[in-house]
Amino acid sequence: MVDANTAALRLCSETPTERFDWEALRKKLSASFPDFPYAQGSAQERDVTVLKSNDPNDASIVTLDQWNDVARVTLEQDNAPDMARRTAILQAMFQAPNPIWKINAKGVIVWRNTAYKSLGATLGFAPDTQALFDTSTLSPGDPPLRFKLCRPDGSLAHWFNVTAVHAGPDTMFYTTEADAEVSAQDARRSFVQTFSQTFAQLSTGLAIFDQNQRLVLFNPALTELTGLSVDFLTNRCDLFSFFDQLREHHVAPAPNGQTDWRAQVSRIVQEAQTGDYSETWTLPTGVTYKVTGRPHPDGALVFLVEDITAEITVTRRIRSELEQVHSVLDTVKSALILFSPTGQLRMCNQAYRDLWKSDPERTFAEYTFHDAFQHWQADCQASPVWDKLKKRILSTSDRSAWSASVSKTTGEVLTVEVTPVAGGVTLLTFKEISPAGVPLPTAH
């Protein structure tokens with residue numbers, strides 16, 4: 001560019017460039033005049049081109065007059081579209097549902113929209129002298145600042161997020177209502193407090209990780225069971241750091257075989273995401289923990305740590321006592337079998353297994369009195385004793401002792417004794433007697 005009048009210079013100044021050349025002019029005008037040539041010059045000695053705006057509502061015209069190596073560009077602007085655009089902008093700002101206002105360099109409000117005035121009237125502010133928001137600490141470019149507006153008596157409150165934007169030497173302020181956002185945050189905060197207070201009373205350790213695998217919530221029982229410090233947990237540790245600390249405190253089990261520790265933690269996380277992780281951790285101190293991992297909404301994970309040492313101890317003691325009872329029963333020469341009140345097998349001894357050539361305690365399905373009764377009948381001769389025995393076992397009213405004799409198909413004679421035991425349990429005793437010269441006694 002070698003020369004321009006005042007209006008053209010004003011137009012050129014709107015484009016931030018050190019050198020205003022043909023390319024800069026083309027970028028400026030091509031939005032409205034897409035046929036504006038990419039390069040200066042003409043094949044003819046002198047060429048005049050007239051371009052119209054692509055906007056049918058815009059009557060602006062660009063005239064290109066080129067000769068030799070000179071080009072004169074004349075822009076005849078139609079101000080009607082600009083006026084319509086300014087009117088639309090002003091209407092949009094005035095009719096915006098949220099307050100908008102402008103202050104000058106001295107901090108004085110020079111313009112307000114209708115929503116600003118209506119809000120001030122609703123809250124009882126003076127219409128012209130009293131500002132609704134104290135924006136002295138908010139500058140253009142700062143993050144939005146939240147304000148709370150109340151009536152003088154505090155009966156009505158509204159929350160707004162306010163953003164500041166440069167408007168030449170002045171500053172424009174735009175607001176968005178934040179009542180719903182504040183209410184949601186208050187509800188969430190209340191829920192988290194209630195949630196925390198509820199789980200603070202649990203003896204089960206609780207650790208909740210968000211979708212980024214950061215610890216967001218834990219209860220006091222977790223620190224008591226794992227020995228992890230509150231400072232470490234409150235710093236929003238990630239999942240791997242959490243398990244690393246458990247390992248250092250000898251709470252997490254060591255990797256199995258050649259399994260890498262990280263691979264083991266990854267497996268735990270994957271199983272927890274599908275809701276399949278539940279393992280028993282036995283610590284060197286003799287304490288036993290049940291650790292469960294479950295998925296939560298939005299990709300969160302929750303881990304529960306429960307001390308089941310007492311339960312495991314009781315279970316082991318009961319198992320030991322049952323093994324002792326089995327051992328004692330196996331020393332008895334008579335065949336013994338016990339049934340629950342509902343007819344399920346409780347236990348039998350070795351003599352019973354030898355006599356009937358079966359081991360009911362090793363069957364895949366649940367073994368009941370009906371299964372045993374069919375086995376006895378199949379191995380013995382037909383006798384009315386069997387019907388009486390069946391009624392006696394299944395009776396809930398007659399719990400007196402009862403005995404009878406039956407004969408096996410191999411010739412052995414057995415005495416069957418039915419003895420009621422506490423808790424509705426029934427004991428059956430089979431004793432083998434010599435068949436030679438021994439009459440079969442009747443049931444009594």
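This is a predicted model: local features need pLDDT of at least 70, side-chain atom pairs count only at pLDDT 80 or more; totals for chains, interfaces and linings use all residues.
**Figure 1. A cluster of rings joined pair by pair.** Here you can follow ring pairs that link F339, Y352, W356, F369, F373, W376, W386 and F430 into a cluster. A search of the whole structure turns up 20 aromatic pairs.

**Figure 2. W101 and its two ring partners.** Start with W101 and Y116, a tilted aromatic pair with 5.1 Å from centre to centre and 50° between the planes. W101 belongs to strand 4 (residues 100-103) and Y116 to helix 4 (residues 114-123), so this pair ties together parts that are 15 residues apart in sequence. Now look at F173: its ring centre is 5.2 Å from that of W101 and the planes are at 15°, so this pair is stacked. F173 lies in strand 8 (residues 170-177) and W101 in strand 4, so here the parts being tied together are 72 residues apart in sequence. W101 and Y116 are buried, and F173 is buried too.

**Figure 3. R46 and the residues around its charged end.** Side chains of opposite charge can pair when their charged atoms come close. D65 and R46 form a salt bridge, with their closest N and O atoms 2.7 Å apart. D65 is in strand 2 (residues 61-67) and R46 in strand 1 (residues 46-52), so the pair ties together parts that are 19 residues apart in sequence. D65 is buried, at 13% relative accessible area, while R46 is partly exposed, at 47%.

**Figure 4. A helix-to-strand salt bridge, E181 with R146.** The closest N and O atoms of E181 and R146 are 2.8 Å apart in this salt bridge. It links distant parts of the chain, with E181 in helix 5 (residues 179-200) and R146 in strand 6 (residues 145-150), 35 residues apart. Both ends are partly exposed: E181 has 36% relative accessibility, and R146 has 29%.

**Figure 5. A helix-to-helix salt bridge, D244 with R262.** This one is among the 13 salt bridges in the structure, and its closest N and O atoms are 3.2 Å apart. D244 sits in helix 8 (residues 239-248) and R262 in helix 9 (residues 261-273), 18 residues apart.

How values were computed:
Residues are numbered from 1 along each chain as its sequence is written. Side-chain values use heavy atoms; hydrogens and water are left out. A salt bridge is a side-chain nitrogen of Lys or Arg within 4 Å of a carboxyl oxygen of Asp or Glu. Helices (H or I, at least four residues) and strands (E, at least two) are DSSP runs, numbered from the N terminus. Buried means under 20% relative accessible area, exposed over 50%, partly exposed in between (1.4 Å probe, protein chains only). Rings of Phe, Tyr and Trp (its six-membered ring) pair if their centres lie within 6.5 Å; planes under 30 degrees apart count as stacked, over 60 as edge-to-face and the rest as tilted.
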